[in-house]
Amino acid sequence: MPKFEYAPAPESRAIVDLASSYGLFINGELVDGTGSSFKTINPATEEHLADIAEASAADVDAAVRAARAAQTRVWGRMSGAERGKYLFRIARIMQERSRELAVLETLDNGKPIKESRDVDVPTAAAHFFYHAGWADKLEYAGLGTSPRPLGVVGQVIPWNFPLLMLAWKIAPALATGNTVVLKPAETTPLTALLFAEICQQADLPPGVVNIVTGAGETGRALVEHPDVDKIAFTGSTEVGKAIARSIAGTRKRATLELGGKAANIVFEDAAVDQAVEGIVNGIFFNQGHVCCAGSRLLVQESVADEVVRRLERRMKTLRVGDPMDKNTDVGAINSKAQLQRITELVDAGEAEGATRWTAPCELPTRGFWFAPTVFTDVSQAHRVATEEIFGPVLSVLTFRTPQEAVAKANNTPYGLSAGIWTEKGSRILWMADQLKAGVVWANTFNRFDPTSPFGGYKESGYGREGGRHGLEAYLQTGEGA
Amino acid sequence: MSTTTATSRARDLLGVSSLSNASLTTWLHGLPGVDQVGCEARAAALGTRSIKTTSKAWAIDTAIGMIDLTTLEGADTEGKVRSLCAKAVTPDPLDPTTPHVAAVCVYNDMVGIAKDALKGTGIHVAAVATAFPSGRASMPVKLADTKDAVEAGADEIDMVIDRGAFLSGRYRQVFDEIVATKEACGQAHLKVILETGELVTYDNVRRASWLAMLAGADFIKTSTGKISPAATLPVTLIMLEAVRDWRELTGEMVGVKPAGGIRTTKDAVKYLVMVNEIAGEDWLTPEWFRFGASSLLTDLQLQRQKLATGAYSGADYVTID
């Protein structure tokens, strides 16, 4: 029995007012869909949370028509300053209702309340604040003198950061004068539906934001809809490729933010205690359900044993369990399907001869759980080193020289992010220059800010989100504008 | 430990034939660096732990038992010291279940008075020595100061390092002073004050911690309380990592004492969480962790009463010393 046991410190769910069923948000109103419905559950308990409408092709069409009307009649004509006021209002309401959003996100997603409270919700609000400021300054963004909106944007987002990905998508689209039809992931629709309520509370003109819930078919109807001008997608590389194929030959533009297998590179001169924290944060943050997760640890051979020993010691202190407990560090896996995928890859890792170590922890009996795990003796050819696991599983590889670190880090079809840990500034600059990754963190990992562009190389996608670069993806610029 | 054994043990640990300033420099500068941003982020993250109900009650009593109740004023008198000692023994006369503190910390001319007032209680008397707080005196004066306190009955000596020597790279001098003071302590435990507010960087804090442990410190302590900033969570984090790593290297445990600026129960609980998750639960006893504080005890008592009765009594219901 530990000397200093932390008593349960559960966040109250009383602040959330869950309905038994939810419709679609079309033209400013929550309406019943014409399709069937599906259930959303709490992955930590398998508790049924609510029934969600599955938008049919007809529903998607209604949403796109509402978005088109709002874009041509209201939002596209409104001055940037006025649009900015709405975005500021949305941002403030998100802050005011932050606890409600955080609790709902944790219930529906399984992530620790600590993360939804301290990362997801504040960063989502920050995206609205940041883009609100751009709305009346687009002519000065260096994207031509009269940048114009694209029109109607279809947006499809994943389940790992439901509200935050919504903010990444909606805030820049609205700031630049576009209207949107957004499809949240089928396992995590609830915060998007609460966001619909926030749009109403902010008096956002009807049709500017439309939210259609559903699974793959709904997403396909949205992507293939002829009156959508642009697709913005975050999710798997497999679906991203399908989207790129389906819109090839059309006028539609696309930004795709896809998978990753990021290298987190630790040199022998790194600040070792902070590097260990960065490794932990890189792969166990959000249960490893992070496209830019540092899932491949590349550690210099001279310090590999020492770093792994310290890492395993640190992993023993991770608190895995009830996501609603304020002291939980690692929550539930988002779905049964994802848990199966993680289990399959981990089994493959063992079968291929990598050495598995799992932090000792008691997992709840109900819900979907996977204990933090690290693989050593991993070769570049193992599946755990090449495939995106999207779970709390780290593969450790070693290198001898900076050149070898770069070669191994870049030896992947992905290129979303990378981390460098060294006390030598010149090496950071040299490495950042060599790495084929959209984001390179130096002596930190998994830091997100609305001012900083985010996006991938190679099969991690194209286009950037956030910052000035992110605006460009939502604007017609240059001579033709 | 005598000077020769301390030096020969240090030579063994460093793997050198002569303990020169150069060999100490190579060793200390070879310790892994500290990234300031990451260190502060980790300390802040640990500060968000939510400690409630039974855990909070345990933490409050544990913290009270770890206090070095301190008065280090030019205006200290026998009356002041006696009244502080009374509070140390019985912090809350209305609730005899309240634990007593670990020690009373005074200037060395007050050691005899405190010793007398605490007779038979098991509470230690700690004395600050070596020309506290600046440490700017010659070595014979510092040693006389130490011996004086020990002869008056001090159980623990809180010495200061020569920050000037440390910052100018004269590590051997700092080492020698700690070794000599330790020898002068005899049976008394030696706490080595690094005065982290003057060392400024976390790299310096880590090096000074290792240097003090190498020289035989029983405890490493953040601050005198006379320099701002005094104890901070990130500085204490670095020192807890140092004692953890030192035990891995040598098998020996060294204590940690943050001192100065810790005034609230909330702060104390954050420190205990940090001890628990960084150094480990072995350090969660007064033998290995102390708080150097004066007003902290009052807030711990208030929170203790709140937990017991469900209502805040207010500062008027807790004795000031």
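Student: How many residues of chain A are in contact with chain B?

Tutor: Two residues count as in contact if their C-beta atoms, placed from the backbone, lie within 7 Å. Here 20 residues of chain A are in contact with 23 residues of chain B. Helix H9 (residues 272-284) of chain A gives the most to that side of chain A, with five residues. Helices (H or I, at least four residues) and strands (E, at least two) are DSSP runs, numbered from the N terminus. By class, the side of chain A that touches chain B has seven nonpolar, six polar and seven charged residues. Ala, Val, Leu, Ile, Met, Phe, Trp, Tyr, Cys and Pro count as nonpolar, Asp, Glu, Lys and Arg as charged, and the others, Gly among them, as polar.

This is a predicted model: local features need pLDDT of at least 70 and side-chain atom pairs 80 or more, while totals for chains, interfaces and linings use all residues. Residues are numbered from 1 along each chain as its sequence is written, with chains lettered from A and ligands numbered from 1 in the order in which they are written.

Student: What is the strand order in the open sheet of chain A?

Tutor: Strands of a sheet pair through backbone hydrogen bonds, either parallel or antiparallel. DSSP must find at least two bridges between two strands for them to pair. In chain A, three strands form an open sheet in the order E1-E5-E4, with mixed pairing. Strands E1 (21-22) and E4 (37-42) are the edges, each pairing on one side only.

Student: Which sense does each pairing take, parallel or antiparallel?

Tutor: E1(A) and E5(A) (residues 47-53) pair in the parallel sense over two bridges, and A:Tyr22 has A:Ile52 as its bridge partner. E4(A) and E5(A) run antiparallel, joined by six bridges; A:Asn42 is bridged to A:Glu47. Their hairpin has four residues between the strands, and A:Glu46 takes a positive phi near 65°.
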